[in-house]
Amino acid sequence: MHPSAGVSVRVLAPPTWRSAATWSQVARLGHYRDLLSTLSRHRINVRYKQSKLGALWAVLQPFTMMLVFTAVFARLVHVPSEGVPYALFAYAGLLPWTCFSSAVSNSTNSLVGHAQLVTKVFFPREILPLSYVIAAGVDLAIGAAVLVGLAIYYSVPLTAELWFVVPIVAVLGGYALACGLVLSAVQVRFRDVGVALPIALQLLMFASPVLYPLRVVPAQWRTLYLLNPLAGLIDGFRRSVLGMPVDGQALLVGTAVTMVALPLAYVAFKYADVTVADVI
Amino acid sequence: MTELEVTNVSKRYWLPKPIGSAVEPGGWARRAWSRVWPSYDAFWALRNVSFTVARGEAVGVIGPNGAGKSTLLKLLSEITAPTTGEIRLHGRLSALIEVGSGFHPELTGRENVFLSGSILGMRRAEIVAKLDQIIAFAGIGDFIDAPVKWYSSGMYVRLGFAIAAHLDPQILLVDEALAVGDEAFQRKCYERIAALRSAGKTIIFISHDLLSVERLCDRVILMQQGRIALDGPPSQVVAAYRRAVAAGAMFGDSAGQADRGVSVTGIRFCGRRGDVEIRTGFPFNVRVSYLASRPIDDVVIEVWYTTHGGAVLQCEQTTARSSDGLDLPAGAGGVEFCCEALGLQPGAYAVVARILARNGTLLHVFAAGSALIVGPGQASRGQFYMPYTWRRARRPAAIEPARFAQESPDGLKV
């Protein structure tokens, strides 16, 4: 039995921005935390259910990308990699990037992909995109095992900077969720989003310091460049795991943008959410 | 104590207009634009619906397809929000809209109990506590540990209902979920609902199965074209609905019929002058009023009398007496059918009027559940009244030929 249910009166009324922007929405999500954990676990279980390599795919995806990009950017065009071997440099950037990109592309399709559920049962819909973001976080943890292996192989020093990883991953998840909430709600009305997304993500990868260091961005573009939270977050992730001092300014801008974007995205999602079943 | 209040609830859907054809003015540019940004027509699935349900009440909702039953259910279960108005719920509500909601084919039955149960709003601990009961209720044996993609449709439904039946709601919405499974399982489902009912739960039962509605509910709401048509005791509402269905189904669907230039606007009955009541064996007139938007030639107007069960008893039609066509000028008008002695026995009957073209094309049906109440008049046994007289036989062994009342003994009409 839900603790608050049974006592309170639930009022179902036409959507308003005011009702979308209340704490009770988040509190409601709390009542459904068991569903969130069941669904997130389900994402991970089902994804590799009939595949032989199973969870190994979480590693293989960034790893093969790393091999390809190392061959191109380290051997052919010599991209600077801040004094660490390029393979390690690229993997430390690709790991958070693949986490972000799979979180966003899966959560964008989450509402449309669960149309059967959305039109049949009520539950806080944000659980769908959220469960994909959490599943992507688990993939990141699995992929980190290879990073540890590479770090040992290249004998990277262990420093206190490593602690930054925790808040960085949290903010990265928050930003992925913000993108996923907005895109999934728009995708319900305009399926163009799903078609455009792979291209947009490709562009975004090259507009973020995944395969090159943040430092090579020209000074006059830096402010604009940092408005993309991934710039600070991916660079920060790499620097902290590779034992380099993090770029505080870049991280701060990324965190600030996320902290503004996430509540706005959530309220917009909750506003659209109540009538999503009509148009899906 | 009020459990649920629905106040002035309306729901509007937007239906895209058909994309313009090649002959449409504006040419390709306009058509291309209408593809990118199609225009929509408003469709009101519910219009100003208000009702309240008391705690512990079992309310049935019936009505033809498209009457707004499912929309009402979606609003109550919070799947979508109303366009105007509001709904107040005073307890935890669970909806049995479709059994097996949220099943994943790759997962085993047991895993799906957790998945589907939590989607339906159960806590994990609650599911763990009820797991054995759920599995026993489903009665699918060892299949509980097989992926549900290997299930037969019956097993799928059994497991789905077993989960839903173990929800612990204060308000339970049931939608047709019981029209599945074999008879033994259906009985189990009804028993479960009856048990919930006697445990004081509030039940809203949306169904086409009138027998179950009558059996399970304290009160029935009949929906028609997005509005509440009737709200009252099950026997009355169900009977009214049966009447409308019998009439509508037999004579063409009266809901949303196309405008073919003429429509029946009403049916009125009249008994003998000075006696408003209509009685068996007494003179009886019926008037069919119509409205023609343009002159229409050669039509046939019919009045059908049926039982509540839908059995046709009699038909009066304009071509039956003389085969002359009936030409309707534009405007309102009416025809009257006059009967010397009504043959129907005392009781209530459904009456349907319709206008057809001579070739049989239906122009309009009027089946607004009009009831004809016939009171006792001439004493008569059997199915219908048959006017007669009697006399002593005048010839020793032969029977005299019968004659019309107005006929002279030599067989000529006077």
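Predicted model: local features only at pLDDT ≥ 70, side-chain atom pairs only at ≥ 80, totals over all residues.
How many bridges join β10(B) to strand β11 of chain B, and in which sense do the two run? Eight bridges join them, and the strands run antiparallel. Keep that pair in mind.

Three strands of chain B form it, in the order β10-β11-β15. The sheet is open, and its pairing is antiparallel. β10 (262-270) and β15 (331-339) of chain B are the edge strands, and each pairs on one side only. Neighbouring strands here are turned by 20° against each other on average, direction ignored. Strand β11 of chain B covers residues 284-292. β11(B) also pairs with β15(B), in the antiparallel sense, over nine bridges. Now pick out one residue, Tyr290(B) in β11(B). Val264(B) stands opposite Tyr290(B). In β15(B), the bridge partner of Tyr290(B) is Gly333(B). Strands of a sheet pair through backbone hydrogen bonds, either parallel or antiparallel.

Chain B has another sheet to look at. This open sheet has six strands, in the order β5-β6-β7-β3-β8-β9, and its pairing is mixed. At its edges stand β5 (93-96) and β9 (227-232) of chain B. Each has a single partner strand, so one side of each is left without a neighbour in the sheet. From one strand to the next, the twist averages 15°.

Strand β3 (residues 58-62) and strand β8 (residues 219-224) of chain B pair in the parallel sense over four bridges.

Now turn to chain A. The elements here are 14 helices and one strand. The C-alpha atoms of chain A fill a box of roughly 60 × 50 × 40 Å, taken along the principal axes. Of the 280 residues of chain A, 44% count as buried. Consider the contacts in chain A with a separation of 6 or more. Residues 24 or more positions apart account for 81% of them.

Where do the two chains meet? In all, 34 residues of chain B are in contact with 27 residues of chain A. On the side of chain B that touches chain A, α2 (69-76), β4 and α3 (109-119) of chain B each give two or more residues. β4(B) gives the most to that side, with five residues.

Seven of its eight residues are buried, so α2(B) is largely enclosed by the rest of the structure. Among the buried residues are Lys69(B), Thr71(B), Leu72(B) and Lys74(B). Just after α2(B), Glu78(B) takes a positive phi of about 70°.

Next comes the interior. In soluble globular proteins, nonpolar side chains tend to be buried together. The largest nonpolar core here has 143 residues. The members that touch the most others are Tyr91(A), Ala92(A), Ala176(A), Leu173(B), Ile204(B) and Phe205(B). Take Ala176(A). Leaving aside its neighbours within four places in sequence, Ala176(A) is in contact with Phe100(A), Ala103(A), Val104(A), Val133(A) and Ala136(A).

Finally, consider confidence. The mean pLDDT of chain B is 82, and 86% of its residues reach 70 or more. Among the elements of chain B, strand β4 (residues 84-89) has the highest mean pLDDT, 93. Helix α8 (residues 234-251) of chain B has the lowest, 73. For the complex, the predictor gives an ipTM of 0.82 and a pTM of 0.73.

Definitions and conventions
Residues numbered from 1 in each chain as written. Chains lettered and ligands numbered in written order. Pairing = 2+ DSSP bridges. Axes fitted to C-alpha atoms, helices over the stretch in contact; angles between N-to-C directions. Buried ≥ 20, exposed ≤ 12 C-beta atoms within 10 Å, placed from the backbone. Contact = placed C-beta atoms within 7 Å. pLDDT = per-residue confidence, 0-100. Core = buried A, V, L, I, M, F, W, Y, C linked by C-beta atoms within 7 Å.
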